[in-house]
Amino acid sequence: MKKNSHNSKRKFYKKKRFKIIASIVILLVIARLALPYIVKNYVNKTLANIPEYYGHVEDIDISLYRGAYTIKDLYLNKVNAKSQVPFLNFPKTDISIEWKSLFKGSIVSEIIMYNPQVTYILEDQEATVNGEQAELDDWTTAITDLVPLEINHFEVHNGKVGIAQITTEPSLDLYMDDVEFTAENLRNVVENNNKLPSPISGSGVSIGNGNFNINGAINLIKTIPDLDIDFELTNASVTSVNDFTRHYGGIDFEYGNIDVFGEIAIANSYLKGYIKPMLKDSKLIGKDDGILSTIWEGFVGLFKFILKNQGTKTLATKVPLEGDLNNVNAGIFPTIINIFENGWIKAFKTEVDKDIKFKDALNNAKK
């Protein structure tokens, strides 16, 4: 009798334990199914609270086993009283725990963006809904709030960045296609005594099919990041910027290429660097120009001929940049002297000069 009673109790507890486990599993399944909707609602609520912008996300996928989620079709538009202008468009963004950093004792995230687009309108839509301008922090804080952990690794694949001025006729548009970008160790997880612990590199194709490359290192942990970068834009067709040169200088080009090289170092909010634009094998004055345009362009072309290096067929200068970030000065006199130096004395190298070091900005910042 006692044996039967004991067996009955065992069966009862087994059945009860099974029900508890089954209930927990069912709750976990329900939570897993509901989680994407909860996160999606949170994201859309965050985007809706950004002043002077309107944003939305279409879908969010959760991958619990790898501690990740994927945001699909997130967009953010700049809003004025009459219309919306596309600002951010992120078709697919993968956000996950960076496992290699976890093994080093740091809980940080990595972000990989696919086909993102950023379009900045220079006018910044001055006529806003309530007459006030949104602060930069309003949308950057909202976007970064979507990432629950500090970002240590960041990648962009096949991105596009554009800058436009829409009030001109025709509108002016600069853009960079096929953007590839990588930034490592942004939170200095790999403990590095280097003042710039985070390497960055990127590439893209500019307006006029120029090849753009950027390399360097930054310290993103500081409130105002320190950095040391160099960049180059090569073999861009100068005719692609005719809208700009015609609007701002009254000239246009029939053919030619432009290269731009530069180096920038920032230390403790002090900047030191240069930009070196080089115009190669170019010709002014198109066949359909009017008489006044032709006279003006001929006048400009004469000076271009006098100042061009006859050996390399380049018109170039080097614009020095230096000063506190609130008051960076471009040296006008050295810029003019450098035009003559390239034309009459020694042709500039068609490459980054490698003569700006991080310590140059650091030493000046301490003065």
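Predicted model: local features only at pLDDT ≥ 70, side-chain atom pairs only at ≥ 80, totals over all residues.
**Entry 1: Lys-276 and its partners.** I stayed in strand β12, where Lys-276 also lies, and noted that Lys-276 forms a salt bridge with Asp-353, with 2.8 Å between the closest N and O atoms. Asp-353 sits in the loop between α6 (332-345) and α7 (358-365), so this pair ties together parts that are 77 residues apart in sequence. I checked accessibility on each side: Lys-276 counts as buried at 1%, and Asp-353 counts as buried at 17%.

**Entry 2: other salt bridges.** My search of the whole structure gave 11 salt bridges. One of them joins Asp-177 to Lys-160, whose closest N and O atoms are 3.9 Å apart; since Asp-177 lies in strand β7 and Lys-160 in strand β6 (residues 151-165), the pair ties together parts that are 17 residues apart in sequence. Asp-177 is partly exposed at 23% relative accessibility, and Lys-160 is partly exposed at 35%. I also looked at Asp-226, which forms a salt bridge with Lys-222 at 3.0 Å between the closest N and O atoms; here Asp-226 is buried, at 5%, whereas Lys-222 is partly exposed, at 28%.

**Entry 3: the nonpolar cores.** I turned to the largest nonpolar core, which has 24 residues, and noted Val-43, Leu-47, Ile-60, Ile-71, Leu-74 and Leu-76 as those with the most contacts inside it. At least two residues of this core come from each of several elements, including α1 (2-48), β1 (53-63), α3 (136-144) and β7 (172-183). Apart from this core lies another, of 15 residues, among them Ile-214, Leu-227, Ala-236 and Leu-321.

**Entry 4: Leu-47 and Thr-46.** Not counting residues up to four places away in sequence, Leu-47 touches Gly-55, His-56, Val-57, Leu-74, Tyr-75, Leu-76 and Ile-143. I then looked up Thr-46, which lies in helix α1 and counts as buried at 12% relative accessibility. Beyond its neighbours within four places in sequence, I found Thr-46 in contact with Ala-142 and Leu-146.

Notes
Residues numbered from 1 in each chain as written. Heavy atoms only, no water. Core = buried A, V, L, I, M, F, W, Y, C linked by side-chain atoms within 4.5 Å. Buried < 20%, exposed > 50% of the residue type's maximum accessible area, 1.4 Å probe, protein only. Helix = DSSP H or I, 4+ residues; strand = E, 2+ residues; numbered from the N terminus. Contact = heavy atoms within 4.5 Å. Salt bridge = Lys/Arg side-chain N within 4 Å of Asp/Glu carboxyl O.
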